[in-house]
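Take a moment to look over the structure that follows.

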Amino acid sequence: MSKIGRIGETGVSRLAHSEEDKLAVLKVKSWMEEAGLTARIDHFENLIGRLEGKDPNAQILMVGSHIDSQPYGGRYDGTIGVLGALEAIQTLKDKGMQPNCTIEVIAFADEEGSRFNKGLFGVRGLFGRLEEGELQRTDKNGVTRREALVAFGCDPSRFKESEYDPEHIYAFLELHIEQGTVLEVMDEPIGIVTGISGPLWLTVELTGFAGHAGSVPMQIRQDALVGAAKIITAVNELASMDKDAPTVGTVGSLQVFPDSRNIIPEKVSFTIDLRDIDEKRRDLIERKLRDIIGETAEEHQLTYTLIEDTRSEPRFCSKDIMQIMRNESRKMGLQPPELKSGPFHDSLIMSYICDYGMIFVRSKDGISHNPEEFSAQEDISLGTELLYRTI
């Protein structure tokens with residue numbers, strides 16, 4: 001898989017609905033068919049492989065993750081969850097086992113959200129949870145999501161045909177790399193996830209007034225970038241207030257206009273990513289941050305807009321599924337630690353649809369969303385074995 005969209009020796013770039021993404025989806029689709037599943041790509045660009053169960057009226061067990069990546073990503077993020085699920089279901093078939101319920105292996109479209117600044121697209125689409133204006137969102141080249149989907153081969157006018165009735169879903173299981181250091185510090189190959197932190201994504205746009213960098217006095221400038229710098233610093237400081245809390249805050253994307261060496265910046269747009277497993281603590285930080293944005297704009301005579309791109313409460317894993325994982329781990333001679341997830345995953349949306357469970361695989365140095373991302377084959381195999389036993 002890492003050969004598709006490869007960057008450097010170990011990196012991967014497979015942006016949502018791109019040519020590289022399409023090549024990857026078609027490759028996994030062919031592997032699903034080789035494994036004896038019926039496979040299709042829906043109009044959200046979700047890839048779904050289906051193993052029919054004995055009871056056509058039973059609810060569906062879904063297993064999977066995503067195969068799209070960040071623009072400067074690694075080869076394991078999401079991908080092990082799709083290929084691990086496929087390996088598990090292929091093993092069922094190899095052993096001649098037909099489950100009572102239908103099992104679907106799914107590679108959700110655009111989990112990452114890096115291209116259109118709005119993630120979890122495929123899983124939200126599948127259950128009718130898309131928001132107004134999502135197809136009009138543009139990437140950095142001005143391509144809309146609608147245009148990208150059409151170029152991929154999907155038809156947004158037929159979204160309804162691809163939607164599922166949530167009542168038909170029994171549970172969802174996801175295998176994923178940890179993307180943190182907890183398992184490595186504990187010297188454990190795999191872990192059982194207890195819940196996912198609630199992400200809050202905001203986009204801030206500050207507007208001042210452009211002028212010559214050499215002639216406008218400092219005291220009368222309306223410099224949007226200076227205002228942005230103060231807010232960005234505040235994001236970092238607010239997220240770091242409680243040293244014992246897992247709160248994290250990030251500004252990962254910033255655009256400056258006119259973007260010239262000798263012009264005072266007139267307009268700056270940047271993203272804020274704020275996450276915490278404690279929703280009340282996150283909301284308190286958000287209120288403080290909104291106050292700072294208003295005060296900074298007033299101080300520097302700027303106007304501003306604040307757009308909420310994503311807001312989710314923390315979501316906790318099914319206790320029943322976690323107990324199954326504990327029991328099966330013991331049979332493997334393991335006692336995986338239990339840990340929460342800071343990053344969000346497709347499981348976040350699935351948690352509103354059905355019970356869900358997640359398995360983490362150790363990440364070397366906790367590195368992710370980077371070509372240096374690495375998880376050992378032995379650890380991935382143990383995670384896949386536990387996924388198979390849990391299924």
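Helices here are DSSP runs of H or I at least four residues long, and strands are runs of E of at least two, numbered from the N terminus. The model you see is predicted, so local features need pLDDT of at least 70 and side-chain atom pairs count only at pLDDT 80 or more, while totals for chains, interfaces and linings use all residues. Residues are numbered from 1 along each chain as its sequence is written, and side-chain values use heavy atoms, leaving out hydrogens and water.

Let us begin with helix α6, residues 182-186, where you will find Val185. Is Val185 buried or exposed? Its relative accessibility is 67%, so Val185 counts as exposed (buried means under 20% relative accessible area, exposed over 50%, partly exposed in between, with a 1.4 Å probe and protein chains only).

Now turn to Thr144, in the loop between α3 (121-126) and α4 (145-152). Thr144 counts as buried because its relative accessibility is 17%. Which residues does Thr144 contact, leaving aside its neighbours within four places in sequence? They are Phe116, Leu135, Gln136, Arg137 and Thr138, where contact means heavy atoms within 4.5 Å.

Next comes Glu378, which lies in helix α11. With 57% relative accessibility, Glu378 counts as exposed. Glu378 and Leu130 are 248 residues apart in sequence, and their C-alpha atoms are 38 Å apart in space.

Finally, let us look at empty space. Rolling a probe the size of a water molecule over the atoms shows where such space is left. On a 1 Å grid over the protein atoms alone, a cavity is a set of points where a 1.4 Å probe fits but cannot get out, while a pocket is an open set with protein on both sides within 12 Å along at least five of seven lines; lining residues have an atom within 4 Å of a point. Grid points are joined across faces, edges and corners, and a volume is the space filled by probe spheres set on the points.

The second largest pocket holds about 520 Å³ of space. It is lined by 25 residues, and the closest to its centre are Leu83, Gly84, Gln377, Ile380 and Thr384. Two or more lining residues come from each of α1 (19-34), α2 (79-94) and α11 (377-390), and α2 gives the largest share, nine residues.

There are also two cavities of 30 Å³ or more. The largest cavity has a volume of about 50 Å³, and its lining includes Arg14, Asp77 and His369.
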